[in-house]
Amino acid sequence: MAVPWDGRRSVCSEGTSLADPFACSGGGADIFGSVSLPSNRGIKNTFQATLNIKLDGPGLMLMEQPGGSLRVRRIHVGGPAFWYNQAAPEDERIMVGDVLTTVDGVSGQPAIMRESLDTTGDVEVTVRRPDTYLVKGLHKGSKILGLCLVRHTRKAALVVKAVQDVGVVASWNMTAGEDTAIAEGDQIVSVNGIAGDVEAMRRMLMDADILDIELQRRAH
């Protein structure tokens, strides 16, 4: 069984972040923006996958989640999940962070689900990935963003450790709906079109006057 992990390198408090000193601070702003939900760029949120498992399991490192699902922590090169991805359509490839909600029709029973993944032959899994939403046209100017951020330990993302009571994001959240308010645990995966480079995203959050921020909310 994989050792649970929280996806963060450090803990930050009011006014400071061990990972990103800029990220945890106060400030206020009048902001304007819009939200697109979802913005998964054509990628499906839920799909079925069939893994042809041989002797060494599914080729996935998994972690149990509340409710009995299994989260993908790592995909091993050369394993059944890896080879499934080589042949699968782009919108049906298993990714790190996805959640297996059923295994051969079983859900909510992770021990049985793991046993099925350790057998040989074809195993059908239901895969669900995080919801993605895009906050567009966030007017920051010289104001403080008001987010406490830490670097994700497994992928190119910034994790929201806390949302401060004052700042651009706090103002945004006052009028945003529940599904689009930026919340603790959400992951910033793109800033003004920059993705895959955490340092570049961090600089853009600091320097840009207007922000388009793409975030993921973890699947359960």
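**Group meeting talk: a walk through a predicted model**

Let's start at R129: with a relative accessibility of 5%, this residue counts as buried, because buried means under 20% relative accessible area, exposed means over 50%, and partly exposed is in between (1.4 Å probe, protein chains only). R129 sits in the loop between β8 (121-128) and β9 (131-139). Helices here are DSSP runs of H or I with at least four residues, strands are runs of E with at least two, and both are numbered from the N terminus. A polar atom of the R129 side chain lies 2.6 Å from the backbone oxygen of R93. For a polar contact, we want a pair of N or O atoms within 3.5 Å; within protein, one must be able to donate a hydrogen and the other to accept it, and residues adjacent in sequence count only if both atoms are side-chain atoms.

Quick housekeeping. This is a predicted model, where local features need pLDDT of at least 70 and side-chain atom pairs count only at pLDDT 80 or more, while totals for chains, interfaces and linings use all residues. Residues are numbered from 1 along each chain as its sequence is written, and side-chain values use heavy atoms, with hydrogens and water left out.

Okay, the overall picture. The protein has four helices and 14 strands, and 48% of its 220 residues are buried. Take the contacts (heavy atoms within 4.5 Å) between residues at least 6 apart in sequence: 70% of them join residues at least 24 apart.

Now look at helix α1, residues 80-87. Which of its residues are buried? P80, A81, Y84 and N85 are. Looking down the axis of α1, these buried residues fall within an arc of 140°, so they line one face of the helix; the arc is that of the directions from the helix axis to the C-beta atoms. Their cover includes β4 (46-53), β5 (60-64) and β6 (70-75). On the other side of α1 you'll find W83 and A87, which are exposed.

F82 is partly exposed at 22%, and W83 is exposed at 53% relative accessibility.

Next, the inside. A nonpolar core is a set of buried Ala, Val, Leu, Ile, Met, Phe, Trp, Tyr and Cys residues joined through side-chain atoms within 4.5 Å. How many residues does the largest one have? It has 23, and L138, L145 and L205 are among those with the most contacts inside it. Elements that each supply at least two residues of this core include β9, α3 (168-175) and α4 (198-207). A second, separate core has 19 residues, including L70, I94, L100 and V103.

Most residues other than glycine have a negative phi. D104 has a positive one, near 50°, and so does N192, also near 50°. D104 is in the loop between β7 (99-103) and α2 (110-117), partly exposed at 42% relative accessibility. N192 is in the loop between β12 (187-191) and β13 (194-195), and is partly exposed at 28%.
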